[in-house]
Amino acid sequence: MTAASATTSFAARLPARRYLVALVIAFWAAGWVLLRGRDTLALGGAELTPLHSWLNAAMDAIDDSRNSNPIFLYFINYIRLFLDEAVTFVQALISQPAMDRPLPVLGWLGVVGLATAIALLYGNVRVALLTAAGFLSFGVLGLWQESMDTLALTLTAVALSLAVGVPLGVWAGLSDRFHRLVTPVLDFMQTMPTFVYLAPLTLFFLIGPASATVATMIYAIPPAIRITAHGIRQVSPDTLEAGASLGATSAQALRHVRLPMARQTIIVGVNQTIMAALSMATIAALIDAPGLGQTVLKALQTLDVGTAFNAGLAIVIMAVVLDRVTSAASRRVEAARRAGRLRTVRGRRLEVAGVLGVAAVLGYLSYTYVWAAEFPIEANLGSYVRRAADAVSLWAQDNLVAYTDIVKNLLTNGLLNPFQTVLAGSPWWLVTAVAVAVALLVGSARAALVTAVGLLLVVVLGLWQDSMVTLASTLVATVLVMLLGMVAGVWMGRSDRADMVLRPVLDAGQTMPAFVYLVPILGLFGPTRFTAIIAAVVFAAPVAIKLVAEGIRGVSATTVEAATSAGASTWQLISKVQLPMARSAVTLAASQGLIYVLSMVVVGGLVGAGALGYDVVAGFSQHQLRGKGLAAGIAIVVLGIVLDRVMRAATQRADQAAHGGSHQH
Amino acid sequence: MTVPSVAERSGLDIDAPPVLSVRGLWKVFGPKAESVVGSSLTRKELKEQTGCVAAVRDVSFEVRRGEVFVVMGLSGSGKSTLVRCLTRLIEPTAGEVLLDGEDVRKADHRRLRELRRHRMAMVFQHFGLLPHRCVLDNVAFGLEIRGVAKQDRYARAREVVALVGLNGFENSYPDQLSGGMQQRVGLARALAADPEVLLFDEPFSALDPLIRREMQNEVIRLHHEVGKTMVFITHDLAEALKLGDRILIMRDGELVQVGTPDQVVGAPADDYVRDFVSDVPRSHVLTLRWIMRPPQSGEPLDGPELGPDVVIRDAVHAVLSADRPVRVTDGGSLLGVVTSAEMLEVIAGGQDR
C-alpha cells in the first residue's frame, strides 16, 4: 500500500523534476549573462597559489629526506633498488651494453630467435612467423634498441605483476571477503587517470625505470587479479559440488578442479596484463622511462609527425605481436586438451629441445659476432618511413584541411566554445550551485554532497578555471563518444556482419597504446584543443561501443521476437524495446566512456589542450610547477569522482523509476 | 482394505538395522535459521514473519540396505536440499543423519571427507564432470583425491567404465559425449569409490525421454549387479514408480507419505498425493492384493492360483480367460479371490474408489 502510493507520488513528481532541471539551466544562463567574467578564478600558466608553493615545498622536503627518513632508508629505497636492478638486468640481456661488453648479451639475432621459439612453443607456426617478422621490423624501422628497452620494461613489469596479481586473484576467487575488499581498490586503480600518479611516484622512486615499473604495475596488476579471480569464480558450482561430494579437500579442489578449469581465463588475464603493461610502459616515457615512448614523446613535443609515426608503428607492431602470441597460447591450452593423449610426451619433448636448440645457436651467434648482435644499418629503413609519414601528413594537412577545418570549426564553435564559455565564464559559486542542484535533481542527495565537496576542493586547489575548461572538453568528448557508441553499438548489436567488421577494429583501438592515436590525429588537425578531444574520443569510443552492443545483444530474443510479431518497425524496435532494455548497459557505457575520456586529459595536454592536462605535463618538466602539476592531477581525479558519482546516482534513480513504473501495472 | 506391508512385497530384511536413518531433519535458509526449527507456520507466513525459507521441515525416514529409496516432489519441494543434507553438501539446521548408526552431523571435517570418499557417492543432474580430463581421469578422480596409486586407480576405473558400458570411450573428453554418456561417466565416478550408498540427484532430468528410459534400465541393471543402496531424487512420478522400492513424497519441505509404489497409488495419504497419482494407470502399479475380495459362499474355489503380489496388468489374461474366480494364495493359504468384475473395475473404472 505505502509502497504503491510512494511510487505513484514519485511517478507524479517525475515530469516536474525534468522542468526543474530546465529551470536551473535557464537560471544559470541568465546568471551567466548578468555575471559573465566575474569570480572566474582565472590563473595564468606560470602563476602559483600559496597551496601550489606549499606543495612544491612539501615535495622538496620529501626529496631531501630520501636519504634520512627511515621509511625511505629501509623500505622504499630497497624497493627502488630492486626494481632498478630488475629492469637493468633485463636491459643488459637484450637492449643495453652490459657486463663489460659494448653490446647487450643477446643481439638481434638471438632475441628474434628466442621470441620466435617461444611463439612457436606456446602458440603456433603462424604467430611464430608473425613474431619473427615483427621483431625484425623493429630493426628495419631503425628502433631496435628503443624497442628492446620498451620490451625489457614491459616484461619486467609483467613478470612482477603476474607474480603479485595471480596469487591475489586466486585468493580473491576463493574468498568472498577478500574479493569485496579488493574490488574497490582495483576500481580505484583502474579509474584513476594513469598520468595522474606518474608525478607523485617519482617523488618516492625517482625518475627512471623504478618509477616506470611501479606505474606500469599499478596499471597492469588489476586485470591480472580481476581476470584470475573471475576465472576461479566462474568454475561451475556443479563440478565443485561433485568434487566436494567425492571428499576433495579445498586444496585438492583448487588444484584439480578450479585451477585447471580457470587456466584458459587466467591466460586471457596474462594477455590483458601484457597489453596494459605495454601501454603504460610507453606512457611512462613522461617520467623518463627508456624506450619507444621516449621517441614518440620527443617527436610529439617537436611536432615531428614522421618520427612519431615511425616509433608509433613499432609500438603497434609490438602490441600486435604480444597480443597474438598470448591469444594463441590461450587457444593452445584448449587445443592441447583436445589433442589429449594422441600426442606423445616424447614428441613434444623432441620439439621443445629442437626449437630451443636452434634458438640457443642463434643466441650464441649473437653473443659472439657483431653482425648478429648489432642490427645492420643497411637494413634500416626508418628514415623512409619517417619521410613518407611526413609527406602524407603534409599532404593531408594541405589537401584535407578544408574538410577537417569544417569539422573542427563546427565542433569547436558549435559545441565546445559555448560549453567552455558558460562553464569557465560564470562565477565559480554560480557553477557550483547549479551543479549541486542538478546533481540533486537527477541524482541523489549524496551525489549533490559529493558534487559540492568536490567542486569546493577544486576551488581550494586553485585551479577552478582550468578545471572548467577541461570539464567542457571532457563533456563534449563524452557526448561524442556516446553518439558514436549508440550508433555503432546499436548497429553492431543488431547485425552480426557489423560485429564481424567492427570488432577487430575496436580490439585494435583498445590494445593500441594511447600515444599512438595522437600521431595521425595531430597530423590532421594540428595542435589544438580539438585534437585532444578527438584523441579522447578515439580512445574511449571502443569501450562505449562494445558495452552498448553487448547490452543490445543481451536483450532477450523472445522479447524482440514478440515485438516484431506485434508489427514493430525497426526503428520502433530499437527505440522502444532494445535501447530501453539495454539502458543499464548504455549508462555503463556513458560512465566508462567518461572515465576513459578523463584519463586522456593529460595526453591532450601534450598536443595543445591546455588547462589541467597542460598543468600536469608542465609539472613533469618544470621544477617550480611540480606542486601545481600535482594539484592539477588531484583536480582531474576529483572531477572524475564527481562525474562518476552523479552519473551512477542518476542511473540508479532512472532504474528505480523504471522499476516503480512497471510495478504499477 | 488392508494395506500390504513392505516386507510382504519385497524380499528385504526389515529387521536388519537401516543403512541410513534420518530423524527430524530441518534445513532453514535465512537469518537466525535455528530459531525457526520446530515452527509450524506455513511457508508463506514464515517468509513474511522471519524472512526464512524452510526447505526441509522435520523429515524422518530410514533407508534399508540394498533398497532403492526414491524421494519425489515437485521443484521447490526441498528434495534436492534433502539429499545434499545427507552428506552435508548443505549443512542441515537440525536433526540427525545416521549412516550405519554414526551421526554424520557430528563428524568433523576430516571424518566427513572420509565419509564422502568411501561411503557415500553422488550422481548429479548436470553431471559435474571435469571438462579438462578424459573419461578415465574423471572416473578415477575420486580415487585420485583419496590417494590411490595411479596404476590401481586406473585399473579400478577401467573396471567401472566397463560396468557402465563406456568401453572404448576412456580417452574421450566429456564434451565429446552425449548427455546420456556423460551421465554414465558420472555414474561410473560414483561407483568407482565402491560406496555403501549411492545418491542420485535428479540424474536423468536433463536427458531426453528415450535416453532417460535407457538410463533408468541401466540403474535397475546396476542395482541387480552391484546391489548398492540407492537414494534417488526425482520429480518424475513414472520414474519413481519404476525404480523405487519405496517412495517418499515431499511437498513444501515436508514429508507427505512414505510407502511402496502400490501404497502410494493405492492408498494416497492425502489429496495432494491423490492428485499426483491420479494419472497413473492403477492396473500397472497395484497388485492383486489390492482388489481381491473374500470368496462368497457358493463360489467355486477350484480356479487358477496367483500370488498376491502379481501386478494387475500381468494377471489380466489369466483372470479374464478363467471361467471361475482366480484364487489369490500365499504359501498355500487362501487370501481371497479375483474375478473379471474386479479386474474390469480397476482397468476401466479408474480413478475414484
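So, salt bridges between domain 1 and domain 2 of chain A: the count is zero. Please keep in mind that this is a predicted model.

The largest share belongs to H22(A), with seven residues.

Let me step back to the domains themselves. In the assignment for chain A, domain 1 comes in two pieces, 8-56 and 400-658, while domain 2 covers 69-393. Taken over C-alpha atoms, the centres of these two domains of chain A are 32 Å apart. Where they meet, 24 residues of domain 1 of chain A contact 30 residues of domain 2 of chain A. Together the two domains of chain A bury about 2,400 Å², and 86% of that is on carbon and sulfur atoms.

Now over to the other interface, chain A with chain B. Here 20 residues of chain A are in contact with 27 residues of chain B. The buried area between chain A and chain B is about 2,200 Å², with 58% on carbon and sulfur atoms.

How many salt bridges does the rule find across the interface of chain A and chain B? It finds one. If you have the structure open, look for A:Glu241 and B:Arg84: they form a salt bridge, with the closest N and O atoms 2.3 Å apart. Chain A and chain B also have seven residue pairs in polar contact, again with both residues at pLDDT 80 or more.

Which helices of chain A each supply at least two residues of the side that touches chain B? Those are H10 (237-245), H11 (250-283) and H13 (305-339). Of the chain A side, H10(A) provides the largest share, seven residues. By class, the side of chain A that touches chain B has seven nonpolar, eight polar and five charged residues.

To put the two side by side: domain 1 and domain 2 of chain A have zero salt bridges between them, whereas chain A and chain B have one. Thanks, everyone!

Notes. Residues numbered from 1 in each chain as written. Chains lettered and ligands numbered in written order. Predicted model: local features only at pLDDT ≥ 70, side-chain atom pairs only at ≥ 80, totals over all residues. Heavy atoms only, no water. Domains from an automatic or database assignment. Contact = heavy atoms within 4.5 Å. Buried area = accessible area lost by both parts, 1.4 Å probe. Salt bridge = Lys/Arg side-chain N within 4 Å of Asp/Glu carboxyl O. Helix = DSSP H or I, 4+ residues; strand = E, 2+ residues; numbered from the N terminus. Polar contact = N/O pair within 3.5 Å; in protein donor to acceptor, adjacent residues only side chain to side chain. Nonpolar A, V, L, I, M, F, W, Y, C, P; charged D, E, K, R; others polar.
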